[in-house]
Amino acid sequence: MAALKFCANISWLFTEHPDFSQRIYAAASAGFQAVEAAWLYDSDLSELQKAKEATRVEVVLINTPPGDIKAGDLGLGAVPGRELEFRKGLDLTLKHAKALNCKRIHLMAGRIPVDAHRAAIAREMEDVFVQNLNYAAGILAKEGITGLIEPINTRITDPRYFLDSPHQAAAILEKVGKSNIQLQMDIFHWQIMDGNLTKNMHKYFPIIGHVQIAQVPGRNEPDSDGELCYRYLLNTLEKLGYQGYIGCEYKPLDSTEKSLGWIQQYWTQYS
């Protein structure tokens, strides 16, 4: 079995450094050959490019803009009445993705509006999401970029997030029917949402375009105390033949450097 590939999520790791370009250098120094991030839009794009070129680190994934976080936004892809803002955000993300040669974009669904009930608005939000995903698929296909949708658990992380299970996400992807729009599996969220990780990993493997990891329930490093046995889960991904990157999207219990023992041990195993 081939070794798995890992990327550092520099929105969560190497936060000892205030700037994202500095975090790229830090990730490279720690042994990572790739990074991912949520939102890089407040950083100087030319400095990000310089850091990427100097380190030869691949930028694997970035998210579409969240919207107005202070007003309660967390993505706009499924939010009725915000379609134009979603398209403008996609344009901004695409600009950064092309500049950084990033081939994956997380198309954030967004939250149920504060004044709405999930059951009452779910159908309308799904229709908006499918429409926006079809639009994005056409735009991204021209650049050879894959769009991803990520279910986020509503039990702990975000009670109002629209996309809240792998089953819901798979049904939406079936309606979209575009090969360059795939499923992002964050194992942390999947465990909290549904459990049945082994079954769901096998069931949805054909449509999984990216994986992220963290321990449950604290979202700390994979080898910290928690509910998940990552030795087993990573071995499962190896057996399935997963060839994409695995994003290390976790909150270190101490410094980032001290949290990397598990991955250094994995790299040594395959060196």
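Student: How does E143 count in this predicted model, as buried, partly exposed or exposed?
Tutor: A residue is called buried under 20% relative accessible area and exposed over 50%, with partly exposed in between. The relative accessibility of E143 is 30%, so E143 counts as partly exposed.

Student: Which residue forms a salt bridge with E143, and what is the helix in which that residue lies?
Tutor: The partner of E143 is K98, and the closest N and O atoms of the two are 3.7 Å apart. The pair ties together parts that are 45 residues apart in sequence, because E143 belongs to the loop between α4 (118–141) and β5, whereas K98 lies in helix α3 (residues 83–99). The names asked for are therefore K98 and α3.

Student: Which residues does UniProt list for "active site", and what is the largest C-alpha distance?
Tutor: The unreviewed UniProt entry lists E150 and E249 under that name. Although these residues are spread over 100 residues of sequence, they cluster in space, with a largest C-alpha distance of 13.3 Å.

Student: Is E150 buried or exposed?
Tutor: E150 is found in the loop between β5 (146–149) and α5 (166–176). Leaving aside neighbours within four places in sequence, the residues in contact with E150 include H106, Y161, D186 and Q212. Its relative accessibility is 6%, and E150 therefore counts as buried.

Student: What is the length of the polar contact that joins the side chains of E249 and N9?
Tutor: E249 is found in the loop between β8 (245–248) and α9 (261–270), and with a relative accessible area of 13% E249 is buried. Beyond its neighbours within four places in sequence, E249 is in contact with several residues, among them N9, W12, D186 and R219. The side chains of E249 and N9 are joined by a polar contact of 3.2 Å.

Student: Which residues of helix α7 are exposed on the other side from the buried ones?
Tutor: In α7 (residues 197–204), the buried residues are L197, N200, M201 and Y204. They cover an arc of only 100 degrees around the axis, which means that they lie on the same side of α7. These buried residues pack against elements including α5, β6 (181–186) and α8 (230–240). The exposed residues on the other side of α7 are K199 and K203.

Note on methods: Residues numbered from 1 in each chain as written. Predicted model: local features only at pLDDT ≥ 70, side-chain atom pairs only at ≥ 80, totals over all residues. Heavy atoms only, no water. UniProt positions renumbered as here; feature names shortened; annotations may be inferred. Helix = DSSP H or I, 4+ residues; strand = E, 2+ residues; numbered from the N terminus. Buried < 20%, exposed > 50% of the residue type's maximum accessible area, 1.4 Å probe, protein only. Contact = heavy atoms within 4.5 Å. Polar contact = N/O pair within 3.5 Å; in protein donor to acceptor, adjacent residues only side chain to side chain. Arc of directions from axis to C-beta. Salt bridge = Lys/Arg side-chain N within 4 Å of Asp/Glu carboxyl O.
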